[in-house]
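Hello,

Here is the structure you will be working on. Please open it first, then read the notes below with it in view.

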Amino acid sequence: MSGDFRANACVARTAVPVLAIAPFRAAIIEQTRGGALLAALFGVPHESALRLHAVLAQPTAGTLTLLCADVVQEYPALTPECMPAHWFERELWEQWRVLPVGHPWLKPIRFQPARTADAPMPAPIGCTEFFAVAGGETHEVAVGPVHAGIIEPGHFRFQCYGEQVLHLEISLGYQHRGIERAVAGGPTARTIHHMETLAGDTTIGHTLAYVQACEALAECRVPPRAQALRAIALELERLANHTGDIGALAGDIGYLPTAAYCGRIRGDFLNMTALLCGNRFGRGLVRPGGVLFDLDDERRTQLAQRLRQAERDVRVATQLLWTTPSVLARFEGTGTLTRAQCEQLGVVGVAARASGIINDVRGDFPAGWYCQEHVSPASCDTGDVYARAMVRLLEIQHALLFIHCVLAALPKGPITTTCGPRGAARQVVSLVEGWRGMICHVALTDAAGQFAAYKIIDPSFHNWMGLALAMRGQQISDFPLCNKSFNLSYCGHDL
Amino acid sequence: MIRAILTRLQQRYRTLVYPTRTPVLPDRFRGLPRIERARCAADCAACVAVCPVQAITKDTNGIALDLGRCLFCGACETACAYHAVTFTREHRLAAGSRAGLRCTAQELPRVTALQGRMHALFGRSLKLRQVCAGGCNACEADINVLNTVVFDLGRFGIQFVAAPRHADGVLITGPVTANMRGALEKTWQAVPAPKLVIAVGACAISGGPYRDQVETHNGADTILPVDLYIPGCPPHPLTILDGLLQLLGKGGG
Ligand code: SF4
């Protein structure tokens, strides 16, 4: 009934089974209960219907299940029996006006114009009913879209009893700039820049997911040296962000030494990416067919040297944090998300590993240089701010080790090859473990090899609800700390 | 405590001596473009064709590059067989007017420092409210960096504040999405006059990679009067710092 597919491998669109809605639902519900991740669920117009596409990722088997079902106007919602579908179904309804009947909380996630031709304009952003807790002793706190710091816009609505948060609702969409709509029909000269700017802090992660998709569709084999350089760039991105996050966590509880040091060391990692390609975020490095900049011997020596220095600096700065009891007291037991909650919601990445779920695309669905060089997944099991900080620290250590190994055995040869035309009527699911977690891109080509649809799922898409749940029962004053410990992307979500 | 002190010593003094000494940027850094019209072949428009955001135009006078649209991807440099467009390591890119971002040689864009009352008010203390109005968050990331010990923005009298009522101006990133327009306008209205508007990044100047997408507004100056434009995608922290300092009349040579 449902075929087994591989990640980053292209198949004919006709090879994907189209089921009736009942078995489609049953398969998704059963598989997600059995530990599969609902990596994607989206709609593509098909004749007079909307074709739902589901991608289920089986981390243990390293396989994907791809399923389709055609719906018109409405279908019985998955969410009541499969919570990971919650956000996806809201998106489906918002984009295509197809009603998931029985969805418990159906409202826009981005306040974006619907993708159907005759769609009415969306309600002005923020004009919506928020979940409210009644009672004379409770009060409501509204924060955003403009926040206190230099950060992205989003709206948070807290229901509080005194200082205690009973419920948090997160309302996004302020960063919506129409990327998926613009990419469909492409690629054009702009597409690669849309990928590089899906989430600026994940430039390498998202661009890698995109080029992997293009290369699979064109059956292009990327030279080993390019694969190795891409992996180095991806790990540098992880190092910069994880280091910055640990610094920011320290800052949020007022522990300034580590905040100052890690803030600076993060910049050192960004500058290493700039050493490679001229840009601190890796813009211009990754292109279909390979990479545009090589790491000559002199640069390689310099990179290794700078890594060793940064390694020392991070070690000392984080040791200070991890040996200060007042810091640990603030981290431990704050913002806990249990393993069961993560499984129920389909949480991915750092947040999932911090609750003991050892999923990591680099090991489960390896691609590129990760097929050659293994990274051990990090994990912790307390699910609190401490655990999310700890997973980051471990991943910093693993990434440093990984880059040193790649540098020591950097394959010789070209760094790029021609990535030819994309096959017609093909489909590919591309997975990358970005620093936040699983990035999933799904490309469907038309008869000319152009994108009939291009779906992007940033890890944040799966995880925002996790943050909302982690806040339950917490002091509202701990929100910045909890929020930072997830550090989700607004622009990656809003697209 | 002793550990904290030892760590402090280990981490050393890291603040840049700026603007008196300019730090060395990576050799592959793509800064101010150099346009050499004389090299450009009459029948070629390869650079125009590859630019993803139509930043390069060519007319009878030759090619011109709009720094406000440029993503600094270097596609034009690679496409040009005659080396008529090359990117230098010059990080100073800010301009006081939109027209000042048009590049036809290798001229440094100009920022006119605040004068008279504006200078008296803001020259020694400038408080800014940052508004992210779309975009990819890389601009904000490299604005945040100015608050690290490396750049130590506070020593120049510049500070980012939480409340617009405490601010002397807004610093905008992002193309201004349809969904952020209202919040941006409200924030700007809440800043007491006289006030400044600073646009940082290709998005905020021209819409950047999202130019002409219906979900966005093609930049801050389609909504508000902009006093300072800082190009880049994202601009290097030094480019941002230089722009701010020039505005306050504190720029280096
Ligand atoms: S200008 Fe570039 S870096 Fe800045 S927000 Fe826009 S896309 Fe991101």
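**What was found**

In this predicted model, the side chains of A:D313 and B:R14 form a salt bridge, with 3.2 Å from N to O.

**The interface as a whole**

The size of an interface is often given as the accessible area lost when the parts come together. Here the area buried between chain B and chain A is about 4500 Å². Carbon and sulfur atoms give 53% of that area. The rule for salt bridges finds five across the interface of chain B and chain A. The rule for polar contacts finds 31 residue pairs across it, counting pairs with both residues at pLDDT 80 or more.

**The ligand site**

Which residues come nearest to the ligand? They are B:C136, B:C139, B:A202, B:C203 and B:C233, out of 13 residues around the ligand. By class, the shell has eight nonpolar, four polar and one charged residues. Why is the site described as shared between chains? Residues from both chain A and chain B surround the ligand, so the site is shared.

**A sheet in chain A**

Strands of a sheet pair through backbone hydrogen bonds, either parallel or antiparallel. In chain A, four strands form an open sheet, and their pairing is antiparallel. Read across the sheet, the order is β2-β14-β15-β16. The edge strands are β2 (11-12) and β16 (451-457), each of which pairs on one side only. For β2(A), the partner is β14 (residues 426-433) of chain A, and the two pair in the antiparallel sense over two bridges. To find this pairing in the viewer, look for A:A12, which stands opposite A:R426 in β14(A).

Regards

Key. Residues are numbered from 1 along each chain as its sequence is written. Chains are lettered from A and ligands numbered from 1 in the order in which they are written. This is a predicted model: local features need pLDDT of at least 70, side-chain atom pairs count only at pLDDT 80 or more; totals for chains, interfaces and linings use all residues. Side-chain values use heavy atoms; hydrogens and water are left out. Buried area is the accessible area (1.4 Å probe) that two parts lose on being put together, summed over both. A salt bridge is a side-chain nitrogen of Lys or Arg within 4 Å of a carboxyl oxygen of Asp or Glu. A polar contact is a pair of N or O atoms within 3.5 Å; within protein, one must be able to donate a hydrogen and the other to accept it, and residues adjacent in sequence count only if both atoms are side-chain atoms. A residue is near a molecule or strand if one of its heavy atoms lies within 4 Å of it. Ala, Val, Leu, Ile, Met, Phe, Trp, Tyr, Cys and Pro count as nonpolar, Asp, Glu, Lys and Arg as charged, and the others, Gly among them, as polar. Two strands pair if DSSP finds at least two bridges between them.
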